[in-house]
Amino acid sequence: MDRTHLTRFALLSLVAAIATISLKLLAWHLTGSVGMLSDALESIVNVVAAAATLWLLYLSARPPDERYTYGYSKAEYFSSAFEGALILVAAFAIGWAAVDRLLHPQPIERIDLGVVVSIVATAINLIVARLLLGAARRHDSIALEADAQHLMTDVWTSVGVVVAVLAVGFTGWSWLDPSIALLVAANIVFTGVSLLRRSASGLMDQALPPERMQRIAAILDRYRGDRIEFHAIRTRVSAGRSFVSMHVLVPGNWTVKRGHDLVERLELEIAAAIPGTTIETHLEPREDPASYEDVALDRIAPAPPAH
Ligand SMILES: [Zn+2]
């Protein structure tokens, strides 16, 4: 399962970030507006985020080697956690500025070249975010999804600014501007926290999502019967890769070949139902009591306390 092609989307995000910075620097050059300059400097965060995504996606696509025998897929979680943290910092900055404006109202900016440039930059971010989200869903890439969510928080921030300018222009209520900014910040906090939480779950080897567990259960149900049983089923997710292990209990008088043929078929079926799955099975004679003493994570019962 080669995922090197996913880096192309991160590269697209990097190019888009550099393009929007150039646009804003051009607008700063034309208008001399300090706001545009600070906007351009803020966009440097997007370049850093896209570069981090590019690097970690490249790393996560590396094939297993002697040092990382299960592959590098978990590297994606560092990327998504980093993006989640960046989003939280942005939310904090927006919220801080909004509270400051609520306490010290200022005249709202007029629609000028600066706003037009930020609308163009927003359109670029929106298009790139949609492309990245599509690829992230198709390939189960949390790193790409996080970069897309990051771009979407920029989009929402800009939409909030434009809506605030229009709303204050219509009503004359200057408190609307910081209030809309606070709403945007709250929405962004939610996205950032959710990304951090999902990254942590991935790093903690969370079990596969219920939908995938059901697909596995449906396959096992077809095999299960008087002669075949399963236990110690364990799963863990690793970005675009899934790991499944289980014990398969069969009659003790089966030949090794017969048992192996069974688990081969079973493993192929599960791999076909959930692409990118690594399956390990442990074959056991179902009549032997020893087969049932290894269900827990620790195979050897812990020694009783000394006192
Ligand atoms: Zn067992």
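How many salt bridges does the rule find across the interface of domain 1 and domain 2? Hold that thought for a moment.

First, some ground rules. This is a predicted model, where local features need pLDDT of at least 70, side-chain atom pairs count only at pLDDT 80 or more, and totals for chains, interfaces and linings use all residues. Residues are numbered from 1 along each chain as its sequence is written, and side-chain values use heavy atoms, with hydrogens and water left out.

So, the layout. Domain 1 covers 4-203 and domain 2 covers 210-292, with bounds that come from an automatic or database domain assignment. Their C-alpha centres are 43 Å apart.

Now the interface. Eight residues of domain 1 touch nine residues of domain 2, contact being heavy atoms within 4.5 Å. Together the two domains bury about 720 Å², with 45% of that on carbon and sulfur atoms; buried area here is the accessible area (1.4 Å probe) that two parts lose on being put together, summed over both. On the domain 1 side, Tyr 70, Ser 73 and Asp 140 supply 63% of the area buried against domain 2, more than any other three residues.

Back to my opening: the rule finds one salt bridge across this interface, meaning a side-chain nitrogen of Lys or Arg within 4 Å of a carboxyl oxygen of Asp or Glu. Arg 212 and Asp 140 also meet in a salt bridge through their side chains, at 2.4 Å, N to O.

Last stop, the zinc ion. Its donors (N, O and S atoms within 2.8 Å of the metal, or 3.2 Å for Na, K and Ca) come from His 231, His 247, Glu 284, Ser 291 and Asp 294, at 2.1 to 2.5 Å. Why is the arrangement irregular? Because the six donor atoms subtend angles of 54 to 173°.

Note on methods
Tetrahedral: all angles 85-135°; square planar, octahedral: opposite > 155°, others 65-115°.
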